[in-house]
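Welcome! Let's take a look at the rings and the nonpolar parts of this chain together.

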Amino acid sequence: MKRQRSATWYAVIACVVFVICNHIGDFMRLGGLRRILHGWVWVAVGNLFQLILCVSAMAAAHTVTFKRALSELGLRAPIGRAAAFSFVAASPMLLAFVATSSINAKMSVLSVGVGCFIAPFAEEVLFRGYMFGQLYRRARWGFWLSALIPSALFALGHAYQASGFWELAGIFAVTGLGSLLGCWLYMRWQFNLWAVFGLHCLMNLWWEVFGVADTALGGWIANAARLLTITAAILLTIYRDRFWKPATSEGNAADQTIEQGCGCDPVDRKFANLDEPFLIWQPAR
């Protein structure tokens, strides 16, 4: 019979792995990789190590296979509705930038491939699928505490882009609030990470393709377009079953896979949020 794990176990493992992932660049430097890796290649390799660590830690913490670890991260959820949602929600930014900006002459295959696809994917797996997911669904910390911790750290990770206090405050607000929104979307899409990744990916892509700004802050047009995209994402999420046929298998696929694969007994179900996928307060234990 599988050994029972406490909520504290999942919280501690998640926090330790998160800290290691956030210092992956330091470990890479100690390993001498800085001498051979530069620019976007350096970023991509760091992201790859983060992904490997997240999946491995998930498999070890839950004592499951890698396939089931991917389910727990929300990576085996249906992609179709998530992709449609992402494209429609990000359309305001695309249309606004087409009308007001020219194509970015400085972009490259690496800046698009890494900055708009690989990096957002790694960030969503680490911040949303792993950190938030484990704190909310397994450690049962409640939505706000589970979301605020990775969101604050996500915002701090963009602090290097600022050149002054007010720019730092603006970047912190934009990225922090954006991360909170990502946690909410992940929860409301029933832990389907593709919905959050798709939106993150396309927002980065339109920003890069049209060279909107060198930082995450941007000007008033960029932020107005971003606000429209956020509004569209919220409305499409709230009313998603009116726009797309409900996916009955989407909801708790990860929880069911982990539960069936681990042989968890009914006592473990209270740590899975199986019957309360949308709670944003601390559930009763």
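How many aromatic pairs does a search of the whole structure find? In this predicted model, the search finds 13 aromatic pairs.

## Aromatic pairs

One of them joins phenylalanine 18 and phenylalanine 127: the ring centres are 5.2 Å apart and the planes stand at 85°, so the pair is edge-to-face. Phenylalanine 18 belongs to helix H1 and phenylalanine 127 to helix H6, so this pair ties together parts 109 residues apart in sequence. Both phenylalanine 18 and phenylalanine 127 are buried.

Tyrosine 136 and phenylalanine 191 make a tilted pair, with centres 6.2 Å apart and planes at 35°. Here helix H6, which holds tyrosine 136, is linked to the loop between H8 and H9, where phenylalanine 191 sits, 55 residues apart. Tyrosine 136 is buried at 1% relative accessible area, and phenylalanine 191 is buried at 2%.

## A cluster and two charges

Tyr136 and Phe191 also belong to one aromatic cluster, together with Phe132, Phe143, Trp144 and Tyr186. Over the ring of phenylalanine 191 sits the charged end of arginine 137, 4.0 Å from the ring centre. Arginine 34 places its charged end over the ring of tryptophan 42, 4.4 Å from the centre.

## Core and surface

The largest nonpolar core has 64 residues, and Phe85, Phe143 and Trp206 are among those with the most contacts inside it. Helix H9 gives the largest share of this core, 13 residues.

On the surface, Val12, Val16, Ile20, Phe27 and Leu30 form a nonpolar patch with about 480 Å² of accessible area together. Its contributors of two or more residues are H1 and helix H2, with H1 giving the largest share, three residues. Leucine 30, in helix H2, counts as exposed because its relative accessibility is 74%, where the cut-off is over 50%.

Key
Residues are numbered from 1 along each chain as its sequence is written. This is a predicted model: local features need pLDDT of at least 70, side-chain atom pairs count only at pLDDT 80 or more; totals for chains, interfaces and linings use all residues. Side-chain values use heavy atoms; hydrogens and water are left out. A nonpolar core is a set of buried Ala, Val, Leu, Ile, Met, Phe, Trp, Tyr and Cys residues joined through side-chain atoms within 4.5 Å. Buried means under 20% relative accessible area, exposed over 50%, partly exposed in between (1.4 Å probe, protein chains only). Helices (H or I, at least four residues) and strands (E, at least two) are DSSP runs, numbered from the N terminus. Patches are made of residues with over 30% relative accessible area and no salt bridge: like charges are joined within 9 Å, nonpolar side chains (Val, Leu, Ile, Met, Phe, Trp, Tyr) within 5 Å. Accessible areas come from the Shrake-Rupley method with a 1.4 Å probe; for residues, only the protein chains shown count as cover. A salt bridge is a side-chain nitrogen of Lys or Arg within 4 Å of a carboxyl oxygen of Asp or Glu. Rings of Phe, Tyr and Trp (its six-membered ring) pair if their centres lie within 6.5 Å; planes under 30 degrees apart count as stacked, over 60 as edge-to-face and the rest as tilted. A charge sits over a ring if NZ of Lys or CZ of Arg is within 6 Å of the ring centre and within 35 degrees of the ring normal.
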